[in-house]
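Welcome to this short tour of a protein complex. Have a look at the sequence and the model first, and then read on.

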Amino acid sequence: MVINPGRQILLEVKNLTVRYRQRNGFGWREKTVDALNDVSFFIHRGETLALVGETGSGKSTIAMSILHFVSPDSGEILYSGEDVWKFKRAELRAYHRKIQPVFQNADESLNPRLKVRSMLVDALVPALSTEEKNRRIREYLSAVQLDEDVLDCFPHQLSGGQKQRVCIARALATESEMLILDEAISSQDLSLQAHLLKLLSELKKKFSLTYLYISHDLETVRVIADRVGIIKDGRLIEIGEKDEIFNSPEEPYTQLLLERSRF
Amino acid sequence: MSAFLFRRLIGIVPVVLIGATLIFIIVHLAPGDPTTIFLDPNAGANTREQIAERFGLDRPLATQYLKWLSGVIVHFDFGNSFSTGRPATEMIVEALGPTLILTGFSLIFGILIGTLLGIFAAIREGRAFDKTISAVMLFFYSMPSFLIGVLLLGLFAVRLDWLPSSQMTSLFHEQLSFNGRIVDSIRHLILPVTTLGVSFSAVFFKYIRGSMVESLHSNYILAARARGVSSGKIFFKYSLRNSLLPLISTIGLSLPMLFSGALIVEVVFSLPGMGRVMFYAALARDYPVIIAAGSLAFLSVVLGNLLADILYMVADPRIRLKGRSS
Amino acid sequence: MWGEKTFRCGTVLILTILLLCVCLPWVMPQDPYAQNLEEISQPPSLAHPFGTDFFGRDLFSRILYGGRLSLTIGIVVTFFAVVIGTIIGMVSGYFGGWPDAALMRFVDVMLGFPRLFILLTVIGFTRPSFGLMLAVLSLFSWMEVARIVRAEVLTVRERLYVKSAVALGLSRRRVLFRYIFPNILSPIIVSATLMVGSVIVIESGLSFIGMGVQPPDASWGTILNQGFQDLAGAWWITLFSGLAIVVTVIGFNLVGDGLRNILDSKTGVRES
């Protein structure tokens, strides 16, 4: 593992452990299941870190924990050196605007009762003037390559690809520093995936973003990632530069994943 | 399980105490003065004070409350009725008999008829039989139970004079032979039990039919059909079993219905049950009886809810997670 | 929406009854209080389609006027109960923690009161009045709504669009009213519709035992009580006032069930 000392660490996850309490139907005899066990990693500013694992490996729990939605049983999450789980409400709201999620299911991520315009307005800094808001909405829409007609649509009137672009535009509109892309393009078809990957790379440069890219699909990871971490059964078993992982994986599980993705 | 049950049972105690206290407060703060009921209009202020003193109403509310509370906790004594002078609990226990007989039989009637018709309607979903029964049951479901009683009473007791219209027994009940007494009691019970029973059956019908139809359309039933499982087995083994357990918890939840649903029916048929005791105690501002009856009704509701919760958990043994992964 | 048969039947029923109760007293002015001593307890005839009562008043007019009162009570009580229940359910479901525990315990306590019993105690003790009945009925009818709303909020709160809204740094109030409330509105409307029917039933019961609307004002329950006094003679009073209640309640139940079917099938499509 190479740590480049010249670069600033934006997000650091230290010894993160999350347990789910599992009950049987009668509500007695609790047992706990480790969703995450002692996971540590960091992300440099401007970098794309990909976390790869199978469904149920706990990779989404990492995202939820960073997003402050699932509380860790132990461990810390540091953003620019500050412990996220010690934020007060105002600090938390400011932090939330800096890290924006884009989830796999765009359908689920958009309020079915709001028009696209209102969603984007909600994401903007409230203090802006109306003209400025409109200007920025147009800017973000063109950045994700959407027409302005979508502004007056409800989510169910949009196609899957359009919905995912709206989600990305919304994530940009908070002037975020980091996007958490949790299987963000996995449910789209292949040609659209290629398109969205290209778009994501462009956006990253244009808005100087940092990406945490969570996926089960090594092919897209190969395109977008700078560094790659492998998650298995709630543990981070291997992490390193993309070329290291893809060319000379140490863990047998990683080798297995790579072999399977060659098909 | 036992630890969980114990926790829930302990949890009942504060709820019931709070409930009984609230009933005490509501009853005492509600406008209207019980002494006026027992007062000769010509009597002076002196007599009023004497009556108030006898009922303990002259002391501050807090003192009355503490005295009442200690009586309840230590002796299970809710005080003596203002109007009869007998212990309130004794009057309640006496009235409980007719109410339990009425509601018990009605509940059995309702569950049997409602469940059976519900099952058959669900099996024949969309056919003429289902449509007819569903329409009839919707009619009864939308009907206040006392209205069913009034109509039955008007038809069978007043018009046709086939059955007695009021009371649990005839005036000459004691002079009848043993068999005669049983026949007499049954004749008196037919109308009120049918009234409440029809009302209950409409509720259970709606429930059972709904949940059977829903489960018959679910994926696992479709899968079972695709595997070639016989229709009979699908209905009774898969669908019915899944609908019956929640039904039991619905019965638990309907326990309060036994009290309030029976109340007006008891008034209609002049049955000496809880409903009538409550009704006349309220009219006579008979504090101890109202509070005792209210607390009992409250307890039954809380117990019914607990029963429903427990049965619901037994019926729905899905594993609950704190959150979802991936 | 109109294609759902249950919903259509119910809507037609309710609109007919509403129209009759609201408009007809003006169109066909037979004073419901006017006594005609020549025509005491007359069975239905052309002049009096529903007959007359013991005081010689036209029953058809009285039932229409009574319907105004019964429907007003049903709708007003439902409105207040739904507002109270929605607020309590939303606070409880969204904020969780001790406010949730306290509010749900409170709901348990309130559900523990048999509603009719409380009404008896409070109303029986005072002079029964219209306002008092509205207040007591509203205060003891919101719990079911609160439970439904809480359960819905708990589900919707976990939806990704709510999480996304929280991640936008929106205030809790904004998340609650802009992202959660519009998405739980449908079940609230369904339970409100069903509730109107059950409130009308409760009101009729109260008025029937003389603890609700007081003569000479009339609701359907009051008229039923009058019919009960003379069940042997004037059977038509019981029959027609009873029918008025049943038909109205059926209407609301049909609309409620129909709405639920429509919403269920919609969500079914959305999930598949």
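Predicted model: local features only at pLDDT ≥ 70, side-chain atom pairs only at ≥ 80, totals over all residues.

Residues are numbered from 1 along each chain as its sequence is written, and chains are lettered from A and ligands numbered from 1 in the order in which they are written.

**Two helical chains**

Helices (H or I, at least four residues) and strands (E, at least two) are DSSP runs, numbered from the N terminus. A residue is buried if 20 or more other C-beta atoms lie within 10 Å of its own, exposed if 12 or fewer, and partly exposed in between, with the C-beta atoms placed from the backbone. Two residues are in contact if their C-beta atoms, again placed from the backbone, lie within 7 Å.

**Where chain C touches chain B**

How many residues does the contact take from chain C and from chain B? Chain C gives 34 residues and chain B gives 40 residues. On the side of chain C, the elements that supply two or more residues are helix 3 (97-112), helix 4 (115-125), helix 8 (172-208), helix 9 (220-229) and helix 10 (235-271). This side of chain C divides into 21 nonpolar, 10 polar and 3 charged residues. Here Ala, Val, Leu, Ile, Met, Phe, Trp, Tyr, Cys and Pro count as nonpolar, Asp, Glu, Lys and Arg as charged, and the others, Gly among them, as polar.

**Helices within chain C**

Next, look at helix 2 (residues 59-95) and helix 5 (residues 130-139) of chain C, whose axes come within 8 Å and cross at roughly 45°. The axes are lines fitted to C-alpha atoms, for helices over the stretch in contact, and angles run from 0 to 180 degrees between N-to-C directions. These two helices of chain C are therefore oblique to each other: angles under 35 degrees count as roughly parallel, over 145 as roughly antiparallel, 65 to 115 as roughly perpendicular and the rest as oblique. Helix 2 of chain C contributes C:I73, C:V76, C:V77, C:F80 and C:A81 to the contact, and helix 5 of chain C contributes C:L134, C:L137 and C:S138. By type, the residues of this contact are 7 nonpolar, 1 polar and no charged.

In helix 6 of chain C, the buried residues are C:M143, C:V145, C:A146, C:R147, C:V149, C:R150, C:E152 and C:V153.

C:R115 lies in helix 4 of chain C. C:R115 is partly exposed because 19 other C-beta atoms lie within 10 Å.

In chain A, A:Q145 is found in the loop between helix 5 (130-143) and helix 6 (160-173). A:Q145 has a positive phi of about 60° although it is not a glycine, and its 15 C-beta neighbours inside 10 Å make it partly exposed.

A:E183 sits in the loop between strand 7 (178-182) and helix 7 (190-206) of chain A. Is A:E183 buried or exposed? A:E183 is buried, because 21 other C-beta atoms lie within 10 Å. A:E183 is not a glycine either, yet has a positive phi of about 50°.
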